[in-house]
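Hi there,

Here is the structure I promised to pass on to you. Have a look at it first, and then read my notes below.

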Amino acid sequence: MALKTETFLVNAGPQHPSTHGVFRMRFILDGEVIQDVEPVFGYLHRGIEKLSEGLTYSQDMVFTDRLDYLASMTNNQAYAVAIEKLAGIQVPERAEYIRVIMAELMRISSHLMGVGFLTNDIGAFLTPCCTCTEKEKKSWTFSIWSADKDLLIIT
């Protein structure tokens, strides 16, 4: 006697939660068997490179936030480190520690959102709520460290 199952749709990004709008695969599952896969391609190129050509280094920093909406400070860090190396600037050791801590908190935050997206896509309700609550706690920390007054008001 075969077990009766229903088909359901699961959205999956191939590498990282930040690929949520860039590339995803829609799986139609019947139990544990994949019935169909549909690749859905988004658009990563936003013209940031072209915009950056006419800006100074400090003006361009705000655009690095928008490259990865789940781990924006990590992109700021990568950009800042690249500019510092090009300019031969030595930053204090304390700043390097703070950068690593913030990057790790961003990584945790993005993975919480990834788990929330996945569990929401497969029909869970409580888990996405829990991951959003944890992410909100981290958003408060990010807003304090980045002096983002809008985030402080909203949260």
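Helices here are DSSP runs of H or I with at least four residues, strands are runs of E with at least two, and both are numbered from the N terminus. This is a predicted model, where local features need pLDDT of at least 70 and side-chain atom pairs count only at pLDDT 80 or more, while totals for chains, interfaces and linings use all residues. Residues are numbered from 1 along each chain as its sequence is written, and side-chain values use heavy atoms, with hydrogens and water left out.

The protein chain has 6 helices and 3 strands, in the order β-β-β-α-α-α-α-α-α from the N terminus.

Now for the salt bridges (a side-chain nitrogen of Lys or Arg within 4 Å of a carboxyl oxygen of Asp or Glu). The structure holds 3 of them:

- Arg107 pairs with Glu104, with the closest N and O atoms 2.7 Å apart. Both sit in helix 4, 3 residues apart, which is about one turn of the helix.
- Glu84 meets Arg99 at 2.5 Å, N to O. This pair links distant parts of the chain, with Glu84 in helix 3 and Arg99 in helix 4, 15 residues apart.
- Glu38 pairs with Arg26 at 3.7 Å between the closest N and O atoms. Glu38 lies in strand 3 (residues 33-41) and Arg26 in strand 2 (residues 23-30), so the pair ties together parts 12 residues apart in sequence.

Is Glu84 buried or exposed? Glu84 is buried, with a relative accessible area of 14% (buried means under 20%, exposed over 50%, partly exposed in between, with a 1.4 Å probe and protein chains only). Arg107, at 42%, is partly exposed.

Enjoy exploring!
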